[in-house]
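Q: I have a protein model open and would like to learn how to read it. Can we go through it feature by feature?

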Amino acid sequence: MAVTAMLSVQLGVAVAVGLIDRVGAEGAAWLRLAWAGLLFLAFLRPRAAGFTRRSLAACVALGVVTAMITLLFMAALDRIPMGTASALEFLGPLGVAVANGRGSRRLVWPGLAAVGVLLMTQPWSGTVDPIGVAYALAAAVCWACYILLTQKVGDTVSGINGLAVSMPVAGLVGTVAVGPLVFDRLTPDLLLIGLGLAIMLPMFPFALEFLALRRLTTAAFGTLMSLEPAFALVIGFVVLDQVPGPAAVVGIVFVVAAGIGAARTGARALPVPAEVG
């Protein structure tokens with residue numbers, strides 16, 4: 001589920017990059033958030049009985065973090081290549097993997113993934129836009145919070161009902177933050193493209209990640225996310241003609257190995273949601 005979600009995310013990001021010239025980075029982000037919020041609200045229809053005060057608060061917090069990830073990451077993509085942005089964003093999940101891992105082996109897979117990320121980004125080259133890097137690193141912090149909050153919501157709310165609250169909140173936050181900057185640029189075809197993007201990213205992958213985090217530890221999931229920069233590099237090459245160098249290719253091998261290792265050792269017993277148990 002997590003791997004399928006990552007593929008969907010990166011394909012959606014590649015399509016969204018094409019919208020930046022037409023509606024801006026903030027517009028591409030807002031279209032996805034707004035449509036996804038409406039779709040989740042319409043299809044899942046959250047009921048008050050399915051939430052406690054604590055779980056509802058966690059869902060709202062998850063929605064705010066989700067909006068910030070999308071807005072910051074799209075801002076990064078406006079300035080730096082897709083593979084580099086995804087690799088820097090991965091530092092958030094990597095931090096979660098290190099902080100929540102157990103035993104002497106907890107640094108092995110994250111450490112291998114970190115080497116891979118360095119090879120992919122090559123910060124020593126000095127050619128990366130610092131503002132784009134700052135946006136990607138801010139997205140990384142939000143991504144770490146997203147993993148922790150998603151698992152918390154998944155443990156306390158049955159199924160994917162937590163997304164019925166978090167995604168509309170994300171859409172609302174996105175509308176308040178950048179909506180006024182976007183409205184006058186919208187056209188009917190852009191609205192339709194935004195609808196398709198919302199299904200590809202974030203609707204489909206976020207639902208899969210939500211379910212995956214009920215089956216994996218945060219450490220395993222955080223390291224498994226190391227596959228995402230590799231997917232981004234490959235899709236950026238195929239779809240956007242962003243050609244990786246030899247060091248980046250070696251980095252792909254490292255992060256794929258780390259992701260496989262994390263997935264094999266990070267199973268987690270399924271929790272019982274509070275309203276069920």
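Q: Which residue forms a salt bridge with Glu26?
A: Remember that this model is predicted. To find a salt bridge, look for a side-chain nitrogen of Lys or Arg within 4 Å of a carboxyl oxygen of Asp or Glu. Here the partner of Glu26 is Arg185, and their closest N and O atoms are 2.8 Å apart.

Q: Where in the chain do Arg185 and Glu26 lie?
A: Arg185 is in the loop between α8 (163–182) and α9. Glu26 is in helix α2.

Q: Are Arg185 and Glu26 buried or partly exposed?
A: Buried means under 20% relative accessible area, and exposed means over 50%. Arg185 has 30%, so Arg185 is partly exposed. Glu26 has 24%, so Glu26 is partly exposed as well.

Q: How many salt bridges does a search of the whole structure find?
A: The search finds 3. Another of them joins Asp189 and Arg22, with the closest N and O atoms 2.8 Å apart. Asp189 sits in helix α9 (residues 188–212) and Arg22 in helix α2. This pair also links distant parts of the chain, 167 residues apart. Asp189 is partly exposed, at 35% relative accessible area. Arg22 is partly exposed too, at 42%.

Q: Which residue forms a salt bridge with Arg79?
A: That is Asp129, and the closest N and O atoms of the pair are 3.4 Å apart. Arg79 lies in the loop between α3 (53–77) and α4 (82–89). Asp129 lies in the loop between α6 (108–121) and α7 (130–156). The pair therefore ties together parts that are 50 residues apart in sequence. Arg79 is partly exposed, at 40%, and Asp129 is partly exposed, at 24%.

Q: What is the distance between the end C-alpha atoms of helix α2?
A: To judge a helix, compare its span with that of a straight one. Helix α2 covers residues 20–44, which is 25 residues. Its end C-alpha atoms are only 30 Å apart, while a straight helix would reach 36 Å.

Q: Which residue follows α2?
A: Arg45 does, and its phi is positive, near 45°.

Q: Which residues touch the most other members of the largest nonpolar core?
A: A nonpolar core is read as a group of buried residues joined through their side chains. The largest one here has 59 residues, and Leu19, Met74, Leu77, Met82 and Tyr146 touch the most other members. Elements that give two or more residues to this core include α1 (2–17), α2, α3 and α11 (227–240). Apart from it lies another core, of 12 residues, among them Ala87, Phe90, Val117 and Ala248.

Q: What share of the residues counts as buried?
A: Of the 277 residues, 51% are buried. The accessible surface comes to about 12000 Å², and 69% of it belongs to carbon and sulfur atoms.

Q: What share of the contacts joins residues at least 24 apart?
A: Among contacts between residues at least 6 apart in sequence, the share is 90%.

Note on methods
Residues are numbered from 1 along each chain as its sequence is written. This is a predicted model: local features need pLDDT of at least 70, side-chain atom pairs count only at pLDDT 80 or more; totals for chains, interfaces and linings use all residues. Side-chain values use heavy atoms; hydrogens and water are left out. Helices (H or I, at least four residues) and strands (E, at least two) are DSSP runs, numbered from the N terminus. The expected span of a helix is 1.5 Å times one less than its number of residues. Buried means under 20% relative accessible area, exposed over 50%, partly exposed in between (1.4 Å probe, protein chains only). Contact means heavy atoms within 4.5 Å. Accessible areas come from the Shrake-Rupley method with a 1.4 Å probe; for residues, only the protein chains shown count as cover. A nonpolar core is a set of buried Ala, Val, Leu, Ile, Met, Phe, Trp, Tyr and Cys residues joined through side-chain atoms within 4.5 Å.
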